[in-house]
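Let's take a friendly walk through a protein model. Have the sequence and the 3D view ready as you read.

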Amino acid sequence: MASNDDEDLTIPRAAMNKMIKEILPTIRVANDSRELILNCCTEFIHLISSEANEICNQQTKKTISPEHVLQALDKLGFGDFRQAAQEVVEDCKQVAAKRRRQSTRLEHLGIPEEELLRQQQELFAKAREEQAQAEQAQWQMMQQQQFAAQMAQAQQAPGGPNSSNVDDDEY
């Protein structure tokens, strides 16, 4: 029986269920079978990664490379999976290269970095100016509201501008 630490190191059940559904869309798979498949996959991953780690250590490397995994497949008798694994490695390399190309898109715009920096500074200055104008308009609106509130309060207070005062008759 696996310990709690080993149970934490499994493929997520949702991911496993998705894989099963994609591979076998018309077949129902019992929960016991799903659990067995999950345990077999986890054990396979542990076996391959342990062997790849040993190969890596024998070569005095600190990082397991795809070549170490491919060698582990061969050494453990899973050479039939080598071609499919190599294709996955190539796909991963292409995705990584595409990401690198996308991250360096700025370099390929044909605009010097100094010009891009100048444009950025202009945009920042424009944004600061717009923000200052918005704050000024908001402040003016608050002032108008306060003045209107004071006028309304003065009109309602006794002795306000519309109240009758005895002194007015003396003119």
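## A histidine on the inside

Setting aside neighbours up to four places away in sequence, H68 is in contact with A52, I55, C56, Q59, K61 and T63 (contact means heavy atoms within 4.5 Å). This is a predicted model, where local features need pLDDT of at least 70 and side-chain atom pairs count only at pLDDT 80 or more, while totals for chains, interfaces and linings use all residues. Residues are numbered from 1 along each chain as its sequence is written, and side-chain values use heavy atoms, with hydrogens and water left out.

H68 sits in helix 4 (helices are DSSP runs of H or I, at least four residues, numbered from the N terminus). Is H68 buried or exposed? H68 is buried, at 4% relative accessible area (buried is under 20%, exposed over 50%, partly exposed in between, using a 1.4 Å probe and protein chains only). Its side chain also reaches the backbone nitrogen of S65, at 2.9 Å.

## The nonpolar cores

Six residues form the largest nonpolar core: I48, A52, I55, L70, A72 and L73. Such a core is a set of buried Ala, Val, Leu, Ile, Met, Phe, Trp, Tyr and Cys residues joined through side-chain atoms within 4.5 Å. Helix 3 (31-58) and helix 4 (66-75) each give at least two residues to this core. There is also a second, separate core of five residues, including I11, M16, I20 and V29.

Back to A52: leaving out residues up to four places away in sequence, A52 touches I64, H68, V69 and A72.

## Salt bridges

How many salt bridges are there? The count is seven, where each one is a side-chain nitrogen of Lys or Arg within 4 Å of a carboxyl oxygen of Asp or Glu. One of them joins E51 and K75, at 3.1 Å from N to O. This pair links distant parts of the chain, with E51 in helix 3 and K75 in helix 4, 24 residues apart. E51 counts as buried at 11% relative accessibility, whereas K75 counts as exposed at 53%.

Then there's E67 with R82, whose closest N and O atoms are 3.4 Å apart. Here E67 is in helix 4 and R82 in helix 5 (residues 82-103), 15 residues apart. E67, D74 and R82 are linked in a salt-bridge network.

Look at T60, in the loop between helix 3 and helix 4. T60 has a positive phi of about 50°, although it is not a glycine. T60 is exposed, with a relative accessible area of 71%.

How values were computed
Polar contact = N/O pair within 3.5 Å; in protein donor to acceptor, adjacent residues only side chain to side chain.
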